[in-house]
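Dear colleague,

I am passing on the structure that we spoke about, together with my notes on it. Please read the notes alongside the coordinates.

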Amino acid sequence: MDDIKRKYVIPGDVITTGPYRAEENVNLVGDKIIATTVGISEIYDSGVRVIPLTGMYLPRIDDFIIGIVKSHTSLSWELDMRSCYPGILPAQDVFGRDFNPKVDELTSRLKKGDLVAARIANFDRSRDPLITIGDRDLGKIEEGELVKISPSKVPRLIGKRGSMIQTIESATKALITIGQNGYIVVSCEEPEGLLKALDAIRMIDEQAHVPNLTEKIQEMLGSNSE
Amino acid sequence: MGVKKTDIVLLDDKGIRCDGRKIDEPRNIMIKAGVLKNANGSAYIEFGENKILAGVFGPRDVHPKHLANTDRGILRCRYHMQPFSVSERKNPAPSRREIEISKVIKEALEPAVMLENFPRTVVDVFIEILQADGGSRCAALDAAAVALADAGIPMRDMVSACAAGKVADTIVLDINNEEDQEGQADMPVAYMPNLEKVTLLQLDGVLTPAEYKKCVETAINGCKIVYEVQKKALKDKFFGDSPQ
């Protein structure tokens, strides 16, 4: 895996030509593999892909996301999840199978502006993504500070096998919940730790493409604590 | 087709144009990406005396809903001139010319934007002309393409646009306002530089087949110059001065 070739690309840049498999955010034209978004191209084994540096969140089934309640109908809530589609959370998911729209008032459980930790249950081209909270550790988020970062930078925030997020959590004693859609909730008992964690997350958002970011974050967290 | 008698000399004996440029020299171009906070993507361009701001929203929900396409996304485009963009106040209501330019810009961007990835959504492109000189549709397209890339909307290629025209019986690159008024032909061209495809070609004036061919070639060369500036604008915003 060490022979990954990386390059900065913008839409239209020819990444390579030849017998490679075109993966995410690339377009195969003849034998040319062309980037379709601004990002970092990677050529590995036999595949080529571009890690985007900007853009919206595109829902994928089973993704863990954090949504903000936007509105509700008599049967479901609509969540903002920084995507081009609203997330649909059915009332049955929250009230259980004996949900009765005549009796149960949806605002008694989730109001506009509430944060919800959820999972994407179903999504395809023809309908809006269906959200579920029927799982362990899912449901309404009661406390914490919301930070919004670019969805494409979430993998960088987590780091290799969670290294980056562990670094931040252990240095600040904060609890960080990361949604794949770029919404992040940070909670911490000490206000100082909270501020430090927020700064670190914002720094990753701004400098996601810079090499050796983990060391820089460690340095920043270390120097602040002195 | 004789040269019109005017006060200004459009092209002198040494091949220098009225604003001091050579025949194959574009005006100064400066593009900055990501200048607006609230839009998903944005760009500001100075193309000679043109000053244009472009903002992109989306992909997002379509309103009114009946415009939505279940199969693919749609692209909407608004080209608008500010009342102060020209020397005599321009009525801010959309004019016939602005409606037409909005349409041609939309059609020039559509082949590049991969709307099939986002069914039932819309991508909105808003273009405000702050100061107009000749060739504002090309400059507007250049800014719109950078704003789309800045918004992270998947594109098959960038779209670069530049005009060429005929002035004093000579084919010249990137005609300015005076040359547009007094010249013999104006041809705006938009081009996808890596796919080598033309997405916009208009012609106002009369050209012989040989002149037409030369004019298209000249305009495409101009597009390639513009492309380098667009590339630099995006690289400056996203990669700063960090090494490759």
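Which residues have the most contacts inside the largest nonpolar core? Before the answer, a word on the conventions: this is a predicted model, in which local features need pLDDT of at least 70 and side-chain atom pairs count only at pLDDT 80 or more, while totals for chains, interfaces and linings use all residues. Residues are numbered from 1 along each chain as its sequence is written, and chains are lettered from A, and ligands numbered from 1, in the order in which they are written.

The residues in question are Ala54(B), Leu109(B), Val125(B), Ala140(B), Ala143(B), Ala144(B) and Leu148(B), and the core that holds them has 124 residues. A nonpolar core here is a set of buried Ala, Val, Leu, Ile, Met, Phe, Trp, Tyr and Cys residues joined through C-beta atoms within 7 Å; a residue is buried if 20 or more other C-beta atoms, placed from the backbone, lie within 10 Å of its own, exposed if 12 or fewer, and partly exposed in between. The largest share of this core, eleven residues, comes from α2(B). Leaving aside neighbours within four places in sequence, Ala144(B) is in contact (C-beta atoms, placed from the backbone, within 7 Å) with Ala54(B), Ile105(B), Leu109(B), Val125(B) and Ile127(B).

As for chain B as a whole, it has four helices and ten strands, where helices (H or I, at least four residues) and strands (E, at least two) are DSSP runs numbered from the N terminus. Buried residues make up 48% of its 244 residues, and its C-alpha trace spans about 55 × 45 × 35 Å along the principal axes.

Finally, the contact between the chains takes 22 residues from chain A and 27 residues from chain B. On the side of chain A that touches chain B, β1 (5-9) and β4 (26-29) of chain A each supply at least two residues.

With best wishes

How values were computed. Contact = placed C-beta atoms within 7 Å.
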